[in-house]
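Subject: Structure handover

Hello,

Here is the structure I promised to pass on. Please open it first, then read my notes below.

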Amino acid sequence: MTYSRITGTGSFLPEKILTNHDLEKMVETSDQWIKERTGISKRHIAVEGETTCDLAEAAARHALESAGVTASEIDLVIVATTTADKIFPSTACLLQKRLGIHGPAAFDVQAVCSGFIYAITVADKFIRTGSAKKALVVGAETLSRITNWEDRTTCVLFGDGAGAVVLEASEEPGILSTHLHADGNYDELLHVPAGISLDFELVKQGRAYMEMQGNEVFKMAVRTLGRIVDETLVANNMQKSDIDWLVPHQANIRIITATAKKLNMPMERVVVTVNEHGNTSAASVPLALDVAVRDGRIKRGDTLLLEAFGGGFTWGSVLLKF
Ligand code: ACO
């Protein structure tokens, strides 16, 4: 049986940092409020001219290096993003060009904060069915471009960044199972209410911003992530205690803590990076994964549960042997 296995991880955060104290000067908020409600201390912001593809390229190069794979060996490129550089071509095609990859399939996946979980699921299916052998899967965002810096209910939450993995065909597991869901009925609780074919004027004026009913999103996220933990364990006939590490979407420390509680998981077994960079949407799961792999917490053979919840609503999980 062919599995897909993560052989390398990488990440990148832009140099410019915006702290909670910086935000205190921009909107009516406080470091204490932000930390207590979200766990976030700072976020990284792409400077003018620094794009999602720039961040994706840096993360991808780190992942290729750590896998010991050259770009020419990659036969599938998937980028999860909500903030593509151009309307078209896809950021995956732009990234392919930067890396000098010619020929294999490249495309973007748009599932907002669940984007990386969706993208790695698609790559896993390509590899299991023999359609690809070495996939580059990236989550990259410049959410700062769709953030209303005058809206304190959203601007304190988000940041820019990228994370990447190289996924290779392997006889050893590997990804054990993936679980994807969506319910489009909730689109207006978390959205940018404009785009190319709807209210394009807002986009042209640079006023196409994220809008969110935070309280409602919070409740849905906690409920839904609790359910997907159960679904994943049942599908694999596993107990909560079989999971070595929870690598959650980094949106809010309170959502992460609630999911960890559902798993009876001590916080020492949960990878938390939200304090360092806020919610980087599709980038957050691979970013957190890379941090814990590089600092030696996550080791080969560990069982990991990756999960995310985001706009759509979309949600999903991946259970894997690292
Ligand atoms: N600073 C100070 N006060 C604030 C701020 C702020 N930045 N933002 C809101 N407040 C005020 C509100 O106006 C409100 O004041 P009021 O009581 O006088 O009306 C009070 O704080 C409480 O507001 P709530 O919205 O009830 O606060 P809550 O405890 O729900 O925290 C938060 C808000 C942090 C947004 C929380 O709801 C949350 O994390 N929701 C989930 C958000 C999320 O994760 N979204 C991303 C999903 S992933 C994706 O796809 C992008």
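Start at the ligand, with Asn252: an N or O atom in the Asn252 side chain is 2.5 Å from an oxygen atom of the ligand. Keep in mind that this is a predicted model.

Arg37 places a polar side-chain atom 2.6 Å from a ligand oxygen. Asn215 has a side-chain N or O atom 2.8 Å from an oxygen atom of the ligand.

How much of the ligand does the protein bury? Taken alone, the ligand exposes 1000 Å². The protein buries 74% of that.

Now the shell. The elements that give two or more residues to it are α2 (31–38), α6 (152–155), α8 (214–235), α9 (253–262) and β12 (303–310). Which of them gives the most? That is α8, with four residues.

In total, 27 residues surround the ligand. The closest are Thr29, Arg37, Cys113, Asn252 and Gly311. By type, the shell divides into 13 nonpolar residues, 10 polar and four charged.

Next, the aromatic rings. Searching the whole structure turns up four aromatic pairs. One to look at is Phe107 with Phe126, a tilted pair.

Phe107 counts as partly exposed, at 26% relative accessibility. Phe126 also counts as partly exposed, at 26%. The reason is that buried means under 20% and exposed means over 50%.

There is also an aromatic cluster. Tyr186, Phe309, Phe313 and Trp315 make it up.

Last, two arginines over rings. The charged end of Arg269 sits over the Trp245 ring, 4.3 Å from its centre. Arg300 has its charged end over the ring of Phe322, 4.0 Å from the centre.

Finish with Arg269 over Trp245 and Arg300 over Phe322.

Best wishes

Note on methods. Residues are numbered from 1 along each chain as its sequence is written. This is a predicted model: local features need pLDDT of at least 70, side-chain atom pairs count only at pLDDT 80 or more; totals for chains, interfaces and linings use all residues. Side-chain values use heavy atoms; hydrogens and water are left out. A residue is near a molecule or strand if one of its heavy atoms lies within 4 Å of it. A polar contact is a pair of N or O atoms within 3.5 Å; within protein, one must be able to donate a hydrogen and the other to accept it, and residues adjacent in sequence count only if both atoms are side-chain atoms. Accessible areas come from the Shrake-Rupley method with a 1.4 Å probe; for residues, only the protein chains shown count as cover. Ala, Val, Leu, Ile, Met, Phe, Trp, Tyr, Cys and Pro count as nonpolar, Asp, Glu, Lys and Arg as charged, and the others, Gly among them, as polar. Rings of Phe, Tyr and Trp (its six-membered ring) pair if their centres lie within 6.5 Å; planes under 30 degrees apart count as stacked, over 60 as edge-to-face and the rest as tilted. Buried means under 20% relative accessible area, exposed over 50%, partly exposed in between (1.4 Å probe, protein chains only). A charge sits over a ring if NZ of Lys or CZ of Arg is within 6 Å of the ring centre and within 35 degrees of the ring normal.
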